[in-house]
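Keep the structure open and follow each contact in turn.

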Amino acid sequence: MSAVDDGDNRFLNGRDLTPYRRAILAARPDLEGAPLSLNPDGWDCVAVEGAGHVFKFPRHEAAAERLIQEPKTLALIAPHATLTVPAMRLHHTPVLFSEHKMIAGRSVDSAFYATLQTPVRERLAADVARFTAALNAIPVDKALAAGCTHQRPRPTLEVLGQRVWPLLDDDVKGDASAILTAASAYGPDTPVFGHFDTHGWNMAFDENARVLNGLFDFADSGVGPLHRDLSYTAFISPDLVARVARAYVVITGRRLDMDRIFNEHGVLRLIELADATDDPRPFVDALRTWCDDLSRWRGAQPHGDKA
């Protein structure tokens with residue numbers, strides 16, 4: 001079996017489907033002959049899809065710990081969820097991996113979101129806001145007692161700046177500096193239990209019904225800052241994250257700082273760049289695109305962009 005670079009053969013990490021198929025069939029012999037497809041590009045896990053199921057294989061120890069916790073997190077979430085979430089099962093032999101039924105629907109990327117009409121965007125935003133509010137209403141101490149953890153510590157802003165500065169093109173250094181400066185001025189945020197990964201690749205959107213069927217990938221769920229939890233839909237569009245924030249305010253009565261949500265997302269983009277282990281270029285380009293999109297969106301708002 002193909003293993004991670006450190007030689008730990010508990011984890012599969014290759015691009016050859018054969019060892020993954022062998023592991024799946026050892027646990028699910030009833031799937032013999034079923035077509036399987038490999039998605040080897042996940043951050044923490046390699047995914048295999050087939051027979052209406054998703055199988056996730058952790059790449060390393062930290063990912064394995066999060067995968068083991070995920071079914072417990074989903075059990076906490078399920079009674080409160082306003083959208084479909086996975087019912088996950090773990091297999092421990094021949095290697096650790098998870099299994100759950102696929103939630104029907106496609107992902108929501110920026111290009112697809114741009115094709116959606118305003119009523120569909122509003123419903124999508126309302127569904128995400130309602131789901132986020134339901135998770136945020138779960139008491140933090142209850143989430144921690146269920147084994148959920150605090151969000152992984154971020155590098156300090158000073159260290160983050162030092163790591164990304166040599167990787168940035170001159171035309172985005174001003175944007176990066178503005179993001180870091182704004183982040184340094186914010187005080188403590190409200191701690192909440194949340195998904196902390198509600199981007200379009202974790203969505204299952206029904207193209208025919210034009211509704212969000214469900215959300216998945218809760219390995220990063222835990223306790224962290226409210227504005228950060230609300231910032232992940234900005235991976236799709238500044239328009240969507242603003243709609244989600246406005247709907248969230250109506251649902252919860254909480255006050256939000258839209259600028260802070262946008263800036264939290266900017267910090268996420270910088271952390272992605274800092275963590276790039278191969279070519280940083282796609283992450284520099286993504287940061288540039290995000291800053292340009294946000295600038296255009298703000299310029300098109302007739303009444304400001306406060307939530």
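Predicted model: local features only at pLDDT ≥ 70, side-chain atom pairs only at ≥ 80, totals over all residues.

The crossing of α6 with α10 is left-handed. On the α6 side, the contact uses Leu 160, Arg 163 and Val 164. On the α10 side, they meet Val 267, Leu 270, Ile 271, Leu 273, Ala 274 and Asp 275. Sorted by class, the contact of α6 with α10 holds seven nonpolar and two charged residues, with no polar ones.

Now turn to another partner of α10. Helix α9 spans residues 238–252 and packs on α10 at about 135 degrees. The axes of α9 and α10 are 11 Å apart. An angle over 145 degrees would count as roughly antiparallel. The pair α9 and α10 is therefore oblique. Their crossing is right-handed. Pro 238, Val 241, Ala 242 and Ala 245 of α9 touch Met 258, Ile 261 and Phe 262 of α10. What classes of residue make up the contact of α9 with α10? There are seven nonpolar residues, no polar and no charged.

Next comes α11. Helix α10 runs over residues 258–275, and helix α11 over residues 281–299. They pack at an angle of about 165 degrees, with axes 9 Å apart. That angle passes the 145-degree cut-off, so α10 and α11 are roughly antiparallel. The crossing of α10 and α11 is left-handed. From α10, the contact takes in Asp 259, Phe 262, His 265, Gly 266, Arg 269, Leu 270, Glu 272 and Leu 273. From α11 come Phe 283, Val 284, Ala 286, Leu 287, Trp 290, Leu 294, Trp 297 and Arg 298. By class, the contact of α10 with α11 has ten nonpolar, two polar and four charged residues. Phe 262 of α10 also takes part in the contact with α9. Leu 270 and Leu 273 of α10 also meet α6.

Arg 123 sits in helix α4. Helix α4 comprises residues 118–136, 19 residues in total. From first C-alpha to last, α4 reaches 26 Å, close to the 27 Å expected at 1.5 Å a residue. Helix α4 is mostly covered, with 14 of its 19 residues buried. Is Arg 123 buried, partly exposed or exposed? Arg 123 has 48% relative accessibility, so it counts as partly exposed.

Technical notes: Residues numbered from 1 in each chain as written. Heavy atoms only, no water. Axes fitted to C-alpha atoms, helices over the stretch in contact; angles between N-to-C directions. Helix = DSSP H or I, 4+ residues; strand = E, 2+ residues; numbered from the N terminus. Parallel < 35°, antiparallel > 145°, perpendicular 65-115°, else oblique. Left-handed = near helix turned anticlockwise from the far one by under 90°. Contact = heavy atoms within 4.5 Å. Nonpolar A, V, L, I, M, F, W, Y, C, P; charged D, E, K, R; others polar. Expected span 1.5 Å × (residues − 1). Buried < 20%, exposed > 50% of the residue type's maximum accessible area, 1.4 Å probe, protein only.
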